[in-house]
Amino acid sequence: MKSTIIVANWKMHHGPGQTRRYLEAFVPLMKDLPVDRQVIICPPSISLAAALEATGGTPIKVGAQNVHQQESGAYTGEISAAMLAEAGVEYAIVGHSERRQLFGETDSLVNQKALALQNCGVLPIVCVGETLEQRQSGEAQATVRQQVEAAVAGLDLQRLCIAYEPVWAIGTGQTATPEDAQEIHSVVRDVLRSFGDATAVPVLYGGSVKPDSVDELMAQPDINGALVGGASLLVESFQRICCYQSISPFGRGVE
Ligand SMILES: O=C[C@H](O)COP(=O)(O)O
């Protein structure tokens with residue numbers, strides 16, 4: 001796996017036509033992408049085929065935003081991990097806070113989804129993060145620790161990404177300070193150590209990442225990439241995020 005992972009989560013934006021137009025403009029700009037970077041585009045399910053076609057033969061990968069935990073069955077509107085794999089999708093986000101808050105996804109369900117993905121050769125990007133209330137009551141570390149412990153059980157650490165996304169920073173323009181983000185990332189790393197080779201797992205930061213905040217965030221020793229929502233919707237801002245200039249005195253943390 002590349003040492004820095006930049007993921008675009010388009011959420012419910014960009015249908016197939018817009019996906020094609022975006023990638024026609026974006027893909028050529030990635031010729032200047034530093035070699036240590038992996039860019040992953042996660043469009044809505046209906047745009048996965050368009051994204052796969054537009055990125056075919058390029059280093060850009062495509063990911064889904066969700067998956068169902070069962071192999072198949074009467075689950076109207078759902079998509080299985082095997083279907084994603086068959087289509088050529090290599091990554092999938094699971095446990096995004098919007099799924100947890102709006103669709104009632106629990107830690108246990110997130111774990112089942114991640115296991116289903118790994119069983120089909122799709123790499124899970126597992127999201128964790130505390131709410132504002134939890135942060136203000138001093139429970140940020142404990143919340144994230146518990147989410148990671150539950151999500152990672154039984155998973156192969158060699159084929160996993162974690163994304164730390166403080167809920168209060170998502171879509172608010174209020175990015176965590178690099179120091180606050182680093183503090184939680186080191187907690188994530190600590191939990192991962194109890195499961196195996198913690199250095200194998202890229203830990204991404206998400207929550208109002210913008211072109212002008214990405215450099216400092218990526219300079220933190222335990223931050224190995226970014227999960228970008230709003231700023232990934234426009235080609236120009238996402239290109240600037242992907243091609244950020246590393247100012248890290250540490251180098252990247254993942255080997
Ligand atoms: O998955 C992406 C995150 O929810 C961050 O979204 P945002 O960059 O719009 O805050």
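Which residues are buried in helix 10 (residues 235-242)? In the predicted model described here, the buried residues of this helix are F238, I241 and C242. Viewed down the axis of helix 10, these residues fall within an arc of 100°, so they line one face of the helix. In general, an α-helix has 3.6 residues a turn, so residues three or four places apart point the same way. The cover over the buried residues of helix 10 includes strand 1 (4-9), helix 1 (16-29), strand 2 (37-42), helix 9 and strand 8 (225-228).

The overall fold provides the setting for this helix. The protein chain comprises ten helices and eight strands. Its radius of gyration is 17 Å, close to the 18 Å given by the globule rule for 255 residues, so the chain is as compact as a globular protein of that length. Along the principal axes, the C-alpha atoms of the protein chain fill a box of roughly 45 × 45 × 35 Å. Of the 255 residues, 46% count as buried. Among contacts between residues at least 6 apart in sequence, 74% join residues at least 24 apart.

The largest nonpolar core contains 74 residues. Within this core, V7, A92, V126, I162 and A226 touch the most other members. For I162, the residues touched are V126, V128, V148, V188, V201 and V203, when residues up to four places away in sequence are not counted. One of these partners, V188, is among the buried residues of helix 8.

Helix 8 (residues 178-193) consists of 16 residues. From its first C-alpha to its last it reaches 22 Å, close to the 22 Å expected at 1.5 Å a residue. Its buried residues are A181, I184, H185, V187, V188 and L192. These cover an arc of only 150° around the axis, which puts them on the same side of helix 8. On the other side of helix 8, E179 and R193 are exposed. The buried residues pack against helix 7 (140-152), strand 6 (161-164), strand 7 (203-206) and helix 9 (214-218).

Two positions carry an annotation from a sequence record. In an unreviewed UniProt entry, the annotation "active site" covers H96 and E165. Although these residues are spread over 70 residues of sequence, they cluster in space, with a largest C-alpha distance of 8.3 Å. H96 is located in the loop between strand 4 (91-94) and helix 4 (97-103). A total of 28 other C-beta atoms lie within 10 Å of that of H96, and this residue is therefore buried, the cut-off being 20 or more. E165 is placed in the loop between strand 6 and helix 8. With 26 other C-beta atoms within 10 Å, E165 is buried. Its contacts, not counting residues up to four places away in sequence, are S97, C127, G129, I170, G206, G207 and L227.

G206, one of the residues touched by E165, lies in strand 7. This glycine is buried, with 28 other C-beta atoms within 10 Å. Leaving aside neighbours within four places in sequence, G206 is in contact with A163, E165, A226, L227 and V228. Among these, A226 is also one of the residues that touch the most other members of the largest nonpolar core. G206 and G196 are ten residues apart in sequence, and their C-alpha atoms are 24 Å apart in space.

The backbone of two further residues deserves mention. Most residues other than glycine have a negative phi. H14, although not a glycine, has a positive phi of about 70°. H14 is found in the loop between strand 1 and helix 1, and it counts as buried, with 23 C-beta neighbours inside 10 Å. A positive phi of about 60° is likewise found at S208, which is not a glycine. S208 is situated in the loop between strand 7 and helix 9. With 20 other C-beta atoms within 10 Å, S208 is buried.

How values were computed. Residues numbered from 1 in each chain as written. Predicted model: local features only at pLDDT ≥ 70, side-chain atom pairs only at ≥ 80, totals over all residues. Core = buried A, V, L, I, M, F, W, Y, C linked by C-beta atoms within 7 Å. Buried ≥ 20, exposed ≤ 12 C-beta atoms within 10 Å, placed from the backbone. Contact = placed C-beta atoms within 7 Å. Helix = DSSP H or I, 4+ residues; strand = E, 2+ residues; numbered from the N terminus. Expected span 1.5 Å × (residues − 1). Arc of directions from axis to C-beta. UniProt positions renumbered as here; feature names shortened; annotations may be inferred. Rg over C-alpha atoms; globule rule 2.2 N^0.38 Å.
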